[in-house]
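Subject: Structure handover and findings

Dear colleague,

Please find below the structure that I am passing on to you, followed by an account of what was found in it. I would be grateful if you could read the notes alongside the coordinates.

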Amino acid sequence: MRYETHMALPSLFDRLTIPVIGSPLFIISGPDLVIAQCKAGIVGSFPALNARPQAQLDEWLHRITEELAAHDRAHPDRPAAPFAVNQIVHRSNDRLEADLATCAKWKVPIVITSLGAREDLNTAVHGWGGITLHDVIDDRFAHKAVEKGADGLILVCTGAGGHAGRLNPFAFTQEVRQWFDGPLALSGAIANGGAVLAAQAAGADLAYVGSPFIATAEANAVAAYKQAVVDGRAGDIVYSNLFTGVHGNYLRASIVAAGLDPDALPDSDASAMNFGSGAKAWKDIWGAGQGIGAVNAVVPAADRIARMAEEYHATRRRLLG
């Protein structure tokens, strides 16, 4: 049972219990979290660069594919949701071609692209039967992504964890929906089921949810990071481009722990962008979005998703009858 969408989503989304994509989390998302998310009925995803060394990506995709197939055989009445791999398309990613080849080997169903749109990449993913979703921070980049063959868009708005834009989600969604009828996911401080429904009411098909999954048993995050998400509120999030050259949202406590003043961070610029194998200088700076105030405990991912589903359907019943 889904809220009305602007067009039929690709059939691979039919397996979702709620219209949510678990966003790829730097360092944190790995096979344990992705498998748990997919089994619980949302799209699980991870950045390809989380698998280090590169050969580990093949191992991860093997495990994810086999475990989800086993789940489907054991539970034909509730098959797992599809999974996604995030690819950083920026030129500093020296692993992109190798990682794409590995994704082709395992026929990854969804590829999420970031920081660069490439027509040849979209064509390659379509060649093995997958779809591409490209994350964007404004309408200009959205047009470019669709022109280069992306199947859908992820609108990364103000308040989103990690790399984030500045636009209000309502403003951004209504601009894109004036010209784009394809699959649309909305990102930005979405942390409970009511917010998922609100994303759909605003014009999106799916919600893109990341920070709540940091505080899960399966997340590859240190205990202090998980607890910081539980303890944090919107006011604890700092927006800066210092750490990767791209503006993003980070936990104030981790910036202080790194010996920096979160209220006086220097600016960086696009020339500082580095997503290659050596981009580890700020690994202890913790990304998170403004929605963390809704996260009150570290729980298994399945429990978090079940709670969101209850909230989603309860809100829908209350508003729609």
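Aspartate 263 is exposed, at a relative accessible area of 61%, where buried means under 20% relative accessible area, exposed over 50% and partly exposed in between, with a 1.4 Å probe and protein chains only. The side chain of aspartate 263 meets that of arginine 252 in a salt bridge, at 3.1 Å from N to O; a salt bridge here is a side-chain nitrogen of Lys or Arg within 4 Å of a carboxyl oxygen of Asp or Glu. This pair links distant parts of the chain, 11 residues apart: aspartate 263 lies in the loop between α9 (252-257) and α10 (301-320), and arginine 252 in helix α9. Helices (H or I, at least four residues) and strands (E, at least two) are DSSP runs, numbered from the N terminus. Arginine 252 is partly exposed, with a relative accessible area of 25%.

Please note that this is a predicted model, in which local features need pLDDT of at least 70 and side-chain atom pairs count only at pLDDT 80 or more, while totals for chains, interfaces and linings use all residues. Residues are numbered from 1 along each chain as its sequence is written, and side-chain values use heavy atoms, with hydrogens and water left out.

Further salt bridges

The whole structure holds 10 salt bridges. In general, side chains of opposite charge can pair when their charged atoms come close.

Cysteines

How many disulfides does a search of the whole structure find? The search finds 0, a disulfide being a pair of cysteine sulfur atoms within 2.5 Å. For cysteine 38, the closest cysteine sulfur is that of cysteine 103, which at 14 Å is too far for a bond. Cysteine 38 counts as buried, at 0% relative accessibility, and cysteine 157 is likewise buried at 0%.

Second largest pocket

The second largest pocket contains about 260 Å³ of space. The search runs on a 1 Å grid over the protein atoms alone, and a pocket is an open set of points where a 1.4 Å probe fits, with protein on both sides within 12 Å along at least five of seven lines; lining residues have an atom within 4 Å of a point. Grid points are joined across faces, edges and corners, and the volume is the space filled by probe spheres set on the points. The pocket is lined by 13 residues, of which Ala294, Asn296, Arg304, Arg307 and Glu311 are the closest to its centre. The lining divides into 7 nonpolar, 2 polar and 4 charged residues. Ala, Val, Leu, Ile, Met, Phe, Trp, Tyr, Cys and Pro count as nonpolar, Asp, Glu, Lys and Arg as charged, and the others, Gly among them, as polar.

Sheet and backbone

An open sheet of 3 strands runs in the order β7-β11-β10, with antiparallel pairing. Its edge strands, β7 (162-163) and β10 (237-240), each pair on one side only. Strands β7 and β11 (residues 248-251) pair over 2 bridges, and two strands are taken to pair if DSSP finds at least two bridges between them. Glycine 162 stands opposite asparagine 249 in β11.

The peptide bond from arginine 52 to proline 53 is cis, with omega near 0°; proline 53 is placed in the loop between β2 (44-47) and α2 (55-74). Isoleucine 27, although not a glycine, has a positive phi of about 70°. Isoleucine 27 sits in the loop between β1 (20-22) and α1 (31-40) and is partly exposed, at 29%. Alanine 189 has a positive phi of about 65° and is not a glycine either. Alanine 189 lies in the loop between β8 (184-187) and α7 (193-202) and is partly exposed, at 37%.

With kind regards
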